[in-house]
Amino acid sequence: MAASASASLRHHLLLRRPRFPLCPNPTFRASSFPRRYQRLFASAPSSSAVDNGDTPSPVEPSDGASVVDVNPPRGTRDFPPEDMRLRTWLFDQFREVSRVMAFEEVDFPVLESEALFIRKAGEEITQQLYNFEDKGGRRVVLRPEITPSLARLVIKQGKSVSLPLKWFTIGQCWRYERMTRGRRREHYQWNMDIFGMPKVRAESELLQAIILLFERLGITSSDVGIRVSSRKVLQAVLNMYSIPEHLFTEVCVIVDKLGKLTREEIEKELISTGLSSEAVQGIIEVLSLKSLPKLEEVLGSDVEAVADLKKLFSFAEQYGYADWICFDASVVRGLAYYTGIVFEAFDREGKLRAICGGGRYDRLLSTFGSEDIPACGFGFGDAVIVELLKEKGLLPDLSRQIDDIVFPLDEELQGPASTVASSLRKKGRSVDLVEDKRLKWVFKHAERINASRLILVGKSEWERGMVRVKVLSTRDEFEVKAGELQ
Ligand code: HAM
């Protein structure tokens with residue numbers, strides 16, 4: 001008995017021993033945002049301290065028995081209450097924007113069939129899969145993104161859905177990533193997608209949703225911009241050089257690495273697909289364009305890419321968000337399935353990775369053996385946006401907020417206290433029923449959880465059917481009939 005008690009104490013002490021600093025990045029630690037949010041979305045090691053993917057080994061106590069590691073797997077997060085409040089708040093903003101845009105919420109399993117994510121264009125995402133065989137011998141993945149699941153459900157629903165279909169979802173995605181600031185191995189993504197709207201009206205609606213979200217969060221167009229282009233730009237260049245159609249996706253995936261790899265490395269990769277050096281130079285030159293009139297000059301005005309982009313920019317004027325978006329031909333996006341307009345939001349100071357990204361993918365359904373439906377959407381992660389809110393001092397104060405604390409002053413009043421707490425809860429008030437504590441502790445606790453009222457159940461008051469109420473903001477104190485407490 002004594003031996004087991006001391007083993008349990010040793011176990012407890014080991015679990016409490018600090019293992020790693022909560023935040024490995026000193027600039028982040030020094031930042032001024034509220035301490036209670038410092039764990040949430042905490043920056044991964046900076047790129048100079050790149051994660052090597054090793055799992056930290058469990059603590060080895062001196063007697064050789066191993067103790068469970070209290071850290072979540074590398075690149076993943078726990079959400080203690082204060083972090084969960086921030087996450088819930090952010091998701092509420094996503095939901096509210098989706099509501100005003102008239103989108104319906106959907107959901108999917110995090111575990112999907114691997115076949116849904118097998119693509120051959122050499123995309124990074126397919127090399128980052130958390131994939132394995134389940135106990136039934138099926139190849140499965142923890143989804144790295146949600147778009148294929150959406151497509152799967154659209155196919156499954158078949159003709160029963162009326163188009164256009166506007167869906168949103170918020171879900172966790174898993175990618176075995178090289179961790180940098182705002183990039184983790186799991187993240188939550190808000191997705192909004194439209195199926196059955198072939199024109200750029202769909203893109204213009206999605207851009208409005210993203211901008212409404214930024215505005216709700218207090219972010220302005222001088223903090224953030226959205227770079228827009230179209231994959232049809234690249235398609236037009238490939239046509240100019242008579243490059244075969246089947247190379248299109250591969251070329252897109254390679255040129256998306258511009259900025260990550262050197263120009264020479266990109267050129268080498270393009271040449272290795274069989275492109276002539278003249279075509280490679282042509283592609284690189286067009287991708288450096290940042291002006292729509294210039295693009296029109298190079299490609300001509302009857303090219304679809306130019307017409308689409310002009311229409312989108314004219315819609316942007318009418319929606320009133322033109323100052324948020326800019327044309328940038330270098331935006332191609334790294335996912336194979338995009339076919340038309342593509343876009344990515346970025347912080348104008350250039351400190352962070354892409355905040356969100358999306359585009360048109362009109363031919364994804366046929367890759368799953370179904371008839372194509374024009375589609376367009378975006379994914380907006382939870383990590384980079386929180387980094388940006390921190391940078392801009394825009395994190396909200398989300399302290400805990402409780403209506404009432406009910407506290408029986410004697411042990412024999414615990415029964416009446418349950419009656420009082422129960423009746424208040426039925427009226428919709430949030431009530432913390434506290435007992436077996438000193439009154440001094442209860443007052444401190446009330447302050448800590450921002451309680452509005454303290455309701456004391458005392459013997460003499462209860463005998464008269466009364467309770468004592470203390471309003472904590474004004475320090476007013478009075479008696480109320482227990483049955484009339486609101
Ligand atoms: P994506 O660009 O791969 O697109 O991801 C979208 C967003 O998810 C990124 O801009 C970023 O905010 C977030 N994100 C991605 N990977 C990570 C990570 N490792 N850690 C933290 N955040 C991350 C897609 O996933 C497309 N399926 C989006 C889409 C929807 N396109 C059409 N519909």
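Which residues of helix H16 (residues 439–448) are buried? In this predicted model, local features require pLDDT of at least 70 and side-chain atom pairs count only at pLDDT 80 or more, whereas totals for chains, interfaces and linings use all residues. Residues are numbered from 1 along each chain as its sequence is written, and side-chain values use heavy atoms, with hydrogens and water left out.

The buried residues of H16 are Val-442, His-445 and Ala-446. These residues lie on the same side of H16, because they cover an arc of only 100 degrees around the axis; the arc is that of the directions from the helix axis to the C-beta atoms. An α-helix has 3.6 residues a turn, so residues three or four places apart point the same way. The face turned away from the buried side of H16 carries the exposed residues Lys-440, Lys-444, Glu-447 and Arg-448. Here, buried means under 20% relative accessible area, exposed over 50%, and partly exposed in between (1.4 Å probe, protein chains only). Helices (H or I, at least four residues) and strands (E, at least two) are DSSP runs, numbered from the N terminus. Strands S12 (402–408), S13 (431–433) and S14 (451–457) are the elements against which the buried residues of H16 pack, where contact means heavy atoms within 4.5 Å. After H16 comes Asn-450, with a positive phi near 55 degrees.

In helix H5 (residues 147–157), the buried residues are Thr-147, Pro-148, Ser-149, Leu-150, Ala-151, Leu-153 and Val-154. They pack against strands S2 (111–113), S5 (165–174) and S6 (186–195), and against helix H13 (364–367). H5 is followed by Gly-158, whose phi is also positive, near 55 degrees.

The loop between H13 and strand S11 (375–381) contains Glu-371, which counts as exposed because its relative accessibility is 62%. The C-alpha atoms of Glu-371 and Ile-155 are separated by 8.4 Å, although the two residues are 216 residues apart along the chain.

The ligand is surrounded by 25 residues, of which the closest are Glu-145, Thr-147, Arg-184, Tyr-338 and Ile-355; a residue is included if one of its heavy atoms lies within 4 Å of the ligand. At least two residues of this shell come from each of S6, strand S10 (356–360) and S11. One nitrogen atom of the ligand is 3.0 Å from an N or O atom in the side chain of Glu-177, and a backbone N or O atom of Arg-184 lies 2.8 Å from a nitrogen atom of the ligand.

Technical notes:
Polar contact = N/O pair within 3.5 Å; in protein donor to acceptor, adjacent residues only side chain to side chain.
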